[in-house]
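This report describes how the parts of one protein model meet. Please keep the sequence and the structure open while reading.

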Protein chains: 2
Amino acid sequence: MVELIKKKRDGKELTPEEITEIIDGFVSGNIPDYQISAFMMAVYFNGMTGAETACLTDRMMRSGDLIDLSEIPGIKVDKHSTGGVGDKTTLILAPLVAAAGVPVAKMSGRGLGHTGGTLDKMESIEGLSVDMTREEFIKKIQKHNIAICGQNQTLVPADKQLYALRDVTGTVDNISLIASSIMSKKLACGADAIVIDIKVGNGAYMKTIEQAERLAEVLKDIGQQMGREVRAVISSMYEPLGMTVGNALEVEEAIATLQGKGPKDLTDLCMELGSHMLVLGKVASDKEVAIKKMKQLIDSGAAYNKFKELVGMQGGDVSQIDHPGLLPQSEYQFEYKASKSGYLHEVNALKIGLASVKLGAGRETKDSIIDHGAGIRLYKKVGDHVEEGETLARLYSNDKGNFDTAVDFLKDAYVINPNTLRKMPLILKTIL
Amino acid sequence: MVELIKKKRDGKELTPEEITEIIDGFVSGNIPDYQISAFMMAVYFNGMTGAETACLTDRMMRSGDLIDLSEIPGIKVDKHSTGGVGDKTTLILAPLVAAAGVPVAKMSGRGLGHTGGTLDKMESIEGLSVDMTREEFIKKIQKHNIAICGQNQTLVPADKQLYALRDVTGTVDNISLIASSIMSKKLACGADAIVIDIKVGNGAYMKTIEQAERLAEVLKDIGQQMGREVRAVISSMYEPLGMTVGNALEVEEAIATLQGKGPKDLTDLCMELGSHMLVLGKVASDKEVAIKKMKQLIDSGAAYNKFKELVGMQGGDVSQIDHPGLLPQSEYQFEYKASKSGYLHEVNALKIGLASVKLGAGRETKDSIIDHGAGIRLYKKVGDHVEEGETLARLYSNDKGNFDTAVDFLKDAYVINPNTLRKMPLILKTIL
């Protein structure tokens, strides 16, 4: 192993056999953590070639179970988001594209830090379960064309172990390692094609559009080498997506969006991502046809009904979908008001996300317990005019004591200036 | 710790407090190996500033016991060699400079790999012991102005632990880490001033004179920041030093050199290194005076007698010094002869060193047992003319089976060409 570390340290390309040796040795425990972390730091400095990255992805993917979706007819198109604040697109896209005829075999994760997770949001719904066997998962999809379950420990263990080590050794920020982590999971879940929403901004992992473009290229390159079509959409995460942050609040907004009453940014992003999924899934010939089809599915109630079908068959209380007022509510509310009049120049996504975690909507550590009713309802977006004393946001929590800290974050999050501004577009780039 | 790794990774300078935190945390076990190895790889890529290197040296030095030599009057000048093949200079310099009036409190190490260690060489002498308490060590020096003992485990434990980790994580080759390792040990041993022999060549750690010069600068800089005068001599290690490699064989050659009958290269290097030691120890006003003094001490027998005094007071059999034929002898010998006539263009030090290890003179692993009589006697140096069939080297071993492998190394080690050559000087540079 020390020779392989030196090889990477000295900028040479590793062979597939060598990468296999490293990953298999790490997962089996034959190569100690201290050698892997030194190796990862060498990768941080010297990067990986396209061939190395694809090989790494392949070995990570094969480190655990592979989900076989071949019993499900049709092209299985998965969507992945690099994570943002208020990002409830999966709750909307899953039933929407399933209703359009694309089979949705969704394996999701939980939230950590300032970004939320699909599973936590789904579990806001009374009775809904994301735990099921592999067989149940596939049966549900065969019957309903949709199911959402949790990723279990047997899926890509190399990624879990590697991420845990990278997280504590300063080796997370490498594009090849990030890309192989994303792709190994999507491929192990059996995706035939993948649409990736790469978020850029203060609330996102990628801080610049250039970084996001590089990630998109590496992801596409891995896809090409592994025979999977990949499309990437680079979208803004400078302010939260939509008007809600927090689990039940986001379910409520997803329902509204599936009924055609959602906020513009969230609806636009879903249309963009969904159109690529429909085209990749070969249920629409091009983007325009796909968007028209999705609008029809929303207008006809078919997308909304698919969501209810999903909730019902996973044991959730469907009456909460028809009456979102029945979703979990926090006991206390607090209105956060504008300190002056002017135009909103910033609604910092990261700080809103952190405020939301403070209110109980997210996890500070893996063991934190989620308060499904907690969160933030936003009333204004960047570019909007606000009057002094007008409510900018409503905070929800079961613990009044949380409001002070959350408000401190909000004070930092909002920037109001007298002059108007030209707002950055939501969709920054699409890479086909 | 992860923030400190990132700070170094991103090329920022660590504060003394941060370096202290890292080293103390590592030694105490509070910071895991995998974080230290990632940190070391970041240091490998981004280096360390002079201030960081001096601080690292200081913290490593303080990780264990500090030898207090203040009870011994005079300036304690230590010598360090970065390691080579056939390097028995300590055996000569210690009694020589002690005879000149510089107190010699020598803590030495054992050999590993293709380079030998002073302790192993000393132990060729029947009965000689390098184990003594700190008090005995100081008492001996107070009485005899000289003692040689082993470094025990309580001396700079940070260096031992760090080196073990660096060795298996590809992070050995960094000039700051190498320099701090050398200096922390020398300073912990109580040296007031230090002469460092930096070897360059195939048998040495430094492969180019530029590397050696950089190391010399870093060593001098650490010394300056820690208030110790450091002089560095860069010497050639392309061929072995002197005409013998192996423990008893080298003792025999050291005795001859102390009697003024040593080979020219070994004698020259001892004069060069010794002169700096005498000047730093303020027993000679300049290099010329120092060399004259050392020649007198050799001619008068004082240096030789000091060696006998050293051997005797450490329990060694002094008759073996007067009659080196009584030193351990290997049972078998083998003469390695020139395959053709011509000039010796290469006597590869590394390969000679490895052959010597194969014969039993060195350690392949820490637990290998040394055969004190084993080794190689060289008859020709680079530049010499040889006739086909003439003996180039005589091999000594207690196991006949070792000769084949050793001869394979020798075949690679010797290069004979018909044309003459201009030989590289032994002393490549002196940095005052």
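## Model and domains

The model is predicted, not experimental. In chain A, the domain assignment gives three domains: domain 1 covers 2-47, domain 2 covers 77-324 and domain 3 covers 328-417. Between the centres of domain 2 of chain A and domain 3 of chain A, taken over C-alpha atoms, there are 24 Å. In the contact of these two domains, domain 2 of chain A takes part with 27 residues and domain 3 of chain A with 31 residues.

## The interface of domains 2 and 3 in chain A

Interface size is often expressed as the accessible area lost when the parts come together. For domain 2 of chain A and domain 3 of chain A, the buried area is about 2100 Å², and carbon and sulfur atoms give 56% of it. On the side of domain 2 of chain A, the residues that lose the most area to domain 3 of chain A are Glu239(A), Met243(A) and Leu249(A); together they make up 26% of what that side buries.

Three salt bridges are counted between domain 2 of chain A and domain 3 of chain A. Separately, Glu252(A) and Arg377(A) form a salt bridge, with 3.1 Å between the closest N and O atoms. Polar contacts across the interface of domain 2 of chain A and domain 3 of chain A come to 14 residue pairs, both residues being at pLDDT 80 or more. On the domain 2 side, strand S6 (244-245) and helix H11 (247-258) of chain A each supply at least two of the residues that touch domain 3 of chain A. H11(A) gives the most to that side, with four residues. By class, the residues of domain 2 of chain A that touch domain 3 of chain A are eleven nonpolar, ten polar and six charged.

## The interface of chains A and B

Chain B has 22 residues in contact with 22 residues of chain A. About 1700 Å² is buried between chain B and chain A, with carbon and sulfur atoms giving 67%. Of the area that chain B buries against chain A, 36% is supplied by Arg9(B), Tyr34(B) and Phe45(B), more than by any other three residues.

Two salt bridges are found across the interface of chain B and chain A. Arg9(B) also meets Asp173(A) through its side chain in a salt bridge, at 3.7 Å from N to O. Nine residue pairs are in polar contact between chain B and chain A, both residues at pLDDT 80 or more. Helix H1 (2-9), helix H3 (33-46) and helix H8 (157-167) of chain B are the elements that give two or more residues to the side touching chain A. H3(B) has the largest share of that side, ten residues. The side of chain B that touches chain A consists of ten nonpolar, six polar and six charged residues.

## Aromatic and charged pairs

Over all chains, the count comes to seven aromatic pairs. One aromatic cluster is formed by Tyr44(A), Phe45(A), Tyr44(B) and Phe45(B).

Side chains of opposite charge can pair when their charged atoms come close. The structure holds 56 salt bridges over all chains. One of the salt bridges joins Glu3(A) and Lys6(A), whose closest N and O atoms are 3.8 Å apart. Glu3(A) and Lys6(A) are three residues apart in helix H1 (residues 2-9) of chain A, so about one helical turn separates them.

Key: Residues numbered from 1 in each chain as written. Chains lettered and ligands numbered in written order. Predicted model: local features only at pLDDT ≥ 70, side-chain atom pairs only at ≥ 80, totals over all residues. Heavy atoms only, no water. Domains from an automatic or database assignment. Contact = heavy atoms within 4.5 Å. Buried area = accessible area lost by both parts, 1.4 Å probe. Salt bridge = Lys/Arg side-chain N within 4 Å of Asp/Glu carboxyl O. Polar contact = N/O pair within 3.5 Å; in protein donor to acceptor, adjacent residues only side chain to side chain. Nonpolar A, V, L, I, M, F, W, Y, C, P; charged D, E, K, R; others polar. Phe/Tyr/Trp six-rings, centres within 6.5 Å; stacked < 30°, edge-to-face > 60°.
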